[in-house]
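Here are my notes on the charged side-chain pairs. Please read them with the model open.

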Amino acid sequence: MARPDIIRKRIADLRVPPNLADYAAARATFSWQAVRDELAGLPGGGLNIAFEAVERHARGPLRDKTAFRFLGAGASRDIGYGELSRLSNRFANVLRALGVGKDERLFLLCGRRPELYVAMLGGFKNGTAVSPLFSAFGPEPIATRIRLGEGSVLVTTDALYERKVAQIRGALPTLRHVLLVGEDGKTTNIPGTLDLAALMSQADDACDIAATAAGDLALLHFTSGTTGTPKGAMHVHDAVVTHFATGRYALDLHAEDIFWCTADPGWVTGTSYGIIAPLLHGVTSIVDEAEFDVERWYRILDEEKVSVWYTAPTAIRMLMKAGAEIAGKRSYPSLRFIASVGEPLNPEAVWWGREVLGLPIHDNWWQTETGGIMIANTPAFDIKPGSMGRPLPGIEAAIVRRDAAGNISLVDTPDSEGELALKAGWPSMLRGYLHDEERYRKCFAGLDNEWYLSGDLARRDADGYYWFVGRADDVIKSAGHLIGPFEVESALMEHPAVAEAGVIGKPDAVVGEVVKAFVSLRQGFAASETLRLELLGHARKKLGAAVAPKEIAFLPSLPRTRSGKIMRRLLKARELGLPEGDTSTLEAG
Ligand code: ATP
Ligand code: MG
């Protein structure tokens, strides 16, 4: 189906006035210090994420407003700003009573339960750095991360402890305390652990927040492991300034919004935008404790009256795969803005949003390392489907290139392609990789350490929109062409049979690499030789013979990380019979 290259936007069509209405003016007048000044700061000086996210509101008119609505197996549970303040105070007091100090690290492994949210905020209040882990991890990935982060306290559930932690406990010498949440609500009683509910019931409701400085460590986030062994990115309390500014501009949060970020806090998105940014803006967030389910998700959008929805391409692809009829059984009159992050968002998916939900999907780009959204499509501006949008106010992006000698330079022609770099200095920039100083230094190598090098390749067009080309590691070199897998995958996805596609370069004696595509099919289509030839033809017509895949293989589903990213390195390793490398984040099944 032929569609225009641009989705035009008019401010007059938006249901609420956008927070970012004049792009040029906002960028020209923006200063991080001005945003920092809008936040309260700790009464005695310093900066603490929990104070900004919770205390500011708990002491004011939002005291009784719902901060989180947890959708569990049974009835939902609402926690207001005032209650969140008291509970997180209690948790900070629990840490204090255990003698857990400012320089220690708290790990969280308990799914999207209220206790995780309370413990994270309580950890900040105690000045303890927090590392939330994805609860589907097995024992080894859990052990590796706690060891790397030198965790001294772990909050987990009784069931997760018995299944995953008990067996590795002996190999975690730094881990002093394990606090258990009873999954069935009962008191836990496992040797070597403490019952969290019992400790909370004895703790005081009030606490003095630790005097953290803006540069103090607040969060440890592990990267997704898409390209290799996950890295531990270190973030500081000052990151809250980015969370605040990007919640305003990239997610367009307004106080009356019902916001749903579908990411798990075990990934940076689920913390920066599933916890911190919405609290900063005093909105109500939906937290779904259950796993992805097509009907459930449409029901939540409808019944919870979600107005701003932040999700991921993988989820959108799964909804697309399930077909439009299911979406059409409900209506979404409250929904006014949809954004997505984590992987390239194919133009097909942007249009699907518009056609099925009435709103296009707004892609944005960032990384664990950047701590917050850097490049985005926002409500008031035209979307070029397939583009990640433009740098937000406060963010200076650039395209850089390396010459044969390895020297890096900025490319300032209006239409250019190369590695995506960001001018260093935004508040949520990582401050290091755990125990990997060399890797960290490499991120800033060249250009006088003034630019952060993202490792992603992108193109900037003459209007200043950025287009994802591929990860530097995934780019295919074929017969003198550089081919970004995203372009090929997007073209394949335009075929009605294709649900998702993953493209790799396969070594070839003649052309260097040939393009090979792996596709999974939408409901109602079956793999066949005829379909394979049809897809090859479709791709050649769209992309030209030089770029189109030479080989296409069908897979029931593509290997992906638990956060939903296609793991092209695994497709490649399997194709070539090479070792699979670190698979700790590979989704089971
Ligand atoms: P690892 O660094 O361990 O290999 P990862 O890079 O997937 O894993 P994350 O920090 O979770 O870990 O993901 C950031 C990466 O995800 C980006 O560098 C980029 O490659 C990809 N990404 C994020 N958003 C987008 C987007 N909107 N379009 C294209 N790619 C995106
Ligand atoms: Mg990465």
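Predicted model: local features only at pLDDT ≥ 70, side-chain atom pairs only at ≥ 80, totals over all residues.

1. The structure contains 44 salt bridges. Three of them are taken up here, by residue pair.

2. Asp-302 pairs with Arg-330, with 2.8 Å between the closest N and O atoms. Asp-302 belongs to helix H11 (residues 294-303), while Arg-330 sits in the loop between helix H13 (324-328) and strand S13 (337-340), so the bridge ties together parts 28 residues apart in sequence. Arg-330 is partly exposed as well, at 29% relative accessibility.

3. Arg-317 and Glu-343 form a salt bridge, 2.7 Å from N to O. This one links distant parts of the chain: Arg-317 is in helix H12 (residues 313-322), and Glu-343 is in the loop between S13 and helix H14 (347-357), 26 residues apart. Are these two side chains buried or exposed? Arg-317 is buried, at 6% relative accessibility. Glu-343 is buried too, at 10%.

4. Glu-513 bridges to Lys-572, the closest N and O atoms being 3.2 Å apart. Strand S25 (residues 512-521) holds Glu-513 and helix H18 (residues 568-576) holds Lys-572, so parts 59 residues apart in sequence are tied together. Glu-513 counts as buried at 13% relative accessibility. Lys-572 counts as partly exposed at 26%.

5. One network deserves a look. Salt bridges with shared partners join Arg-317, Glu-343, Glu-500, Arg-560 and Glu-587.

Note on methods:
Residues numbered from 1 in each chain as written. Chains lettered and ligands numbered in written order. Heavy atoms only, no water. Salt bridge = Lys/Arg side-chain N within 4 Å of Asp/Glu carboxyl O. Helix = DSSP H or I, 4+ residues; strand = E, 2+ residues; numbered from the N terminus. Buried < 20%, exposed > 50% of the residue type's maximum accessible area, 1.4 Å probe, protein only.
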